[in-house]
Amino acid sequence: MKQKIQNIFVTGAISPSFITEKIAAHQPKTGIGGHSIFLGQVRSDIIENKKVIAVEYTSYEAMALEQMDVIREAMIEKYSLICMHVYHSLGKIRSGEICLFVFTSAPHRKAAIDACSETVERLKAELPIWGKEIFGDGSFQWKKNLPA
Amino acid sequence: MAIKIQLYGQLKQMAGVSELALDVKDTDGLKKEIAMRFPEIEKLTYLIAVDRTIVQVNTPIRAIQELALLPPYSGG
């Protein structure tokens, strides 16, 4: 039976304690031999002498969750994952804070690592999420995703 | 009949509203209407989603459908 669509959105930054709790929750799943984790952190770029102090994320949430479900199903099938979790921040995230947490688990390391990497690439390309880079002086520009 | 169209990201900022109501019959008609009302949006690349699926070819629109204009994604 297909599971209901999982929510991936978290308001505000993803805290290190949230991440450790999620890792600890996998202890009973003893079929897992490897986890792979990707953490996206807001980078303080300097653009035309102005420093990015935060990124404000918004999304077309209903569509993003449907698209993420398609990616999740594909990754579980392709890499025979035991489980997979994705969390993405919404709202204003300051530089240095975590805004993306991708966590894949499989019986062996290669599947976990490859699935994690492919999920990050696919979600950046396929989920309707937008980041607005906010500068120290209050001005902003719309973020553009670059290749890896 | 006016169709509700959701705007996101930079498009929402440029239009100054999160939703438009336009009298359009298909996605080509929608693009024309946007070009006429918001020439600055027309200069950007954007995608049209009908019922949460991107459509690349001209597609008829019915009032009960969920329409959205999406600028290039920049999540992650």
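Predicted model: local features only at pLDDT ≥ 70, side-chain atom pairs only at ≥ 80, totals over all residues.
Q: What makes chain B as compact as a globular protein of its length?
A: The radius of gyration of chain B is 11 Å, and the globule rule gives 11 Å for 76 residues, so chain B is as compact as a globular protein of that length. Its C-alpha atoms fill a box of roughly 30 × 25 × 20 Å along the principal axes, and within this box the chain has three helices and five strands, which follow one another in the pattern β-α-β-α-α-β-β-β.

Q: How do you know what part of the contacts in chain B joins residues 24 or more positions apart?
A: Counting the contacts in chain B with a separation of 6 or more, 48% are between residues 24 or more positions apart. As for burial, 28% of the 76 residues of chain B count as buried, the cut-off being 20 or more other C-beta atoms within 10 Å.

Q: Why is Tyr73(B) called buried?
A: A residue is buried if 20 or more other C-beta atoms lie within 10 Å of its own, and Tyr73(B) has 25 such neighbours, so Tyr73(B) counts as buried. Tyr73(B) is placed in the segment after E5 of chain B.

Q: Which residues is Tyr73(B) in contact with, leaving aside its neighbours within four places in sequence?
A: Tyr73(B) is in contact with Ala125(A), Leu127(A), Pro128(A), Ile129(A), Trp130(A) and Asn145(A), where a contact requires C-beta atoms within 7 Å. Within chain B, the C-alpha atoms of Tyr73(B) and Leu47(B) are 10.0 Å apart, although the two residues are 26 apart in sequence.

Q: What makes up the side of chain B that touches chain A?
A: In this pairing, 13 residues of chain B are in contact with 22 residues of chain A. Helix H1 (9-15) and strand E5 (67-70) of chain B are the elements that give two or more residues to that side of chain B, whose residues divide into six nonpolar, six polar and one charged.

Q: Which residues touch the most other members of the largest nonpolar core?
A: Among its 50 residues, Leu81(A), Ala115(A) and Ala68(B) touch the most other members, while strand E6 (residues 98-106) of chain A gives the largest share, six residues. Leaving out residues up to four places away in sequence, Leu81(A) touches Met75(A), Ile76(A), Thr104(A), Ser105(A), Ala106(A), Ala111(A) and Ala115(A). In soluble globular proteins, nonpolar side chains tend to be buried together.

Notes:
Residues numbered from 1 in each chain as written. Chains lettered and ligands numbered in written order. Helix = DSSP H or I, 4+ residues; strand = E, 2+ residues; numbered from the N terminus. Rg over C-alpha atoms; globule rule 2.2 N^0.38 Å. Buried ≥ 20, exposed ≤ 12 C-beta atoms within 10 Å, placed from the backbone. Contact = placed C-beta atoms within 7 Å. Nonpolar A, V, L, I, M, F, W, Y, C, P; charged D, E, K, R; others polar. Core = buried A, V, L, I, M, F, W, Y, C linked by C-beta atoms within 7 Å.
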